[in-house]
Amino acid sequence: MMKPAEAYILEQPEPYRSILLHLQVLIESSFQNLELQYKWKIPVYYSHGKPLCYLNASHKKGFVDVGFWAKGILQDFDAFLVSEGRTVVKSLRYSSVEEIDEKILLQVIQEVTKHHHKGFWKK
């Protein structure tokens, strides 16, 4: 039986499905200790039992959001991240697979994993 997070990804219409699958392969092939779970009706990657980032297909706005609860530590990536009035979450947004800058995505995830044990999302 398929896990809910995987079903969410596979049930998305294009281009969201392709974007999500590309992100999933990229993230899971680069970070071995992450676990994909289904929470808040979206796929969420967990590291050591704590949420690290989420994947959300926003059909109304036409993009996939890769969201991080890491506002205080990602200043170096502000040129790439969107906060849109959210106080804690910042995200990378993609409207197509071609827009995904793999280097930036992996650097952001690497930075978040370095601080992850501190519970930074509460700040």
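Visitor: Is Gln24 buried or exposed here?

Guide: This is a predicted model, and in it Gln24 counts as buried, because its relative accessibility is 12% and the cut-off for buried is under 20%.

Visitor: Where is Gln24 found, and what is it in contact with?

Guide: Gln24 is found in helix H2, and, if its neighbours within four places in sequence are left aside, Gln24 is in contact with Glu6, Ile9, Leu36 and Tyr45.

Visitor: Which other residues of H2 are buried?

Guide: Besides Gln24, the buried residues in H2 are Tyr16, Ile19, Leu20, Leu23, Leu26 and Ile27.

Visitor: And how does the span of H2 work out?

Guide: Helix H2 covers residues 16-30, and at 1.5 Å a residue its 15 residues should span 21 Å, which agrees with the 21 Å between its end C-alpha atoms.

Visitor: Next topic: how do H2 and H3 cross?

Guide: The axes of H2 and helix H3, which runs over residues 102-115, come within 11 Å and cross at roughly 55 degrees. That angle makes H2 oblique to H3, and the crossing is right-handed.

Visitor: Which residues make that contact?

Guide: On the H2 side they are His22, Leu23, Leu26, Ile27 and Ser30, while H3 brings in Glu102, Leu105, Leu106 and Ile109. Sorted by kind, the residues of this contact are 6 nonpolar, 2 polar and 1 charged.

Visitor: What about Glu99, where is that?

Guide: Glu99 is found in the loop between strand E5, residues 89-94, and H3, and at 43% relative accessibility it counts as partly exposed. The C-alpha atoms of Glu99 and Ile19 are separated by 9.3 Å, although these two residues are 80 residues apart along the chain. Leaving aside its neighbours within four places in sequence, Glu99 is in contact with Arg93 and Tyr94.

Visitor: Now the backbone: which residues does the cis peptide bond join?

Guide: The cis peptide bond joins Glu14 and Pro15, with omega at about 5 degrees, and Pro15 lies in the loop between helix H1, residues 4-10, and H2. Most peptide bonds are trans, and most residues other than glycine have a negative phi.

Visitor: So which residues other than glycine have a positive phi?

Guide: Trp40 is one of them, with phi near 55 degrees, and its place is in the loop between strand E1 (34-39) and strand E2 (42-47). Glu84 also has a positive phi, of about 45 degrees, and lies in the loop between strand E4 (63-69) and E5.

Visitor: Is Glu84 buried or exposed?

Guide: Glu84 counts as exposed, because its relative accessibility is 51% and the cut-off for exposed is over 50%.

Terms used: Residues numbered from 1 in each chain as written. Predicted model: local features only at pLDDT ≥ 70, side-chain atom pairs only at ≥ 80, totals over all residues. Heavy atoms only, no water. Helix = DSSP H or I, 4+ residues; strand = E, 2+ residues; numbered from the N terminus. Expected span 1.5 Å × (residues − 1). Buried < 20%, exposed > 50% of the residue type's maximum accessible area, 1.4 Å probe, protein only. Axes fitted to C-alpha atoms, helices over the stretch in contact; angles between N-to-C directions. Parallel < 35°, antiparallel > 145°, perpendicular 65-115°, else oblique. Left-handed = near helix turned anticlockwise from the far one by under 90°. Contact = heavy atoms within 4.5 Å. Nonpolar A, V, L, I, M, F, W, Y, C, P; charged D, E, K, R; others polar.
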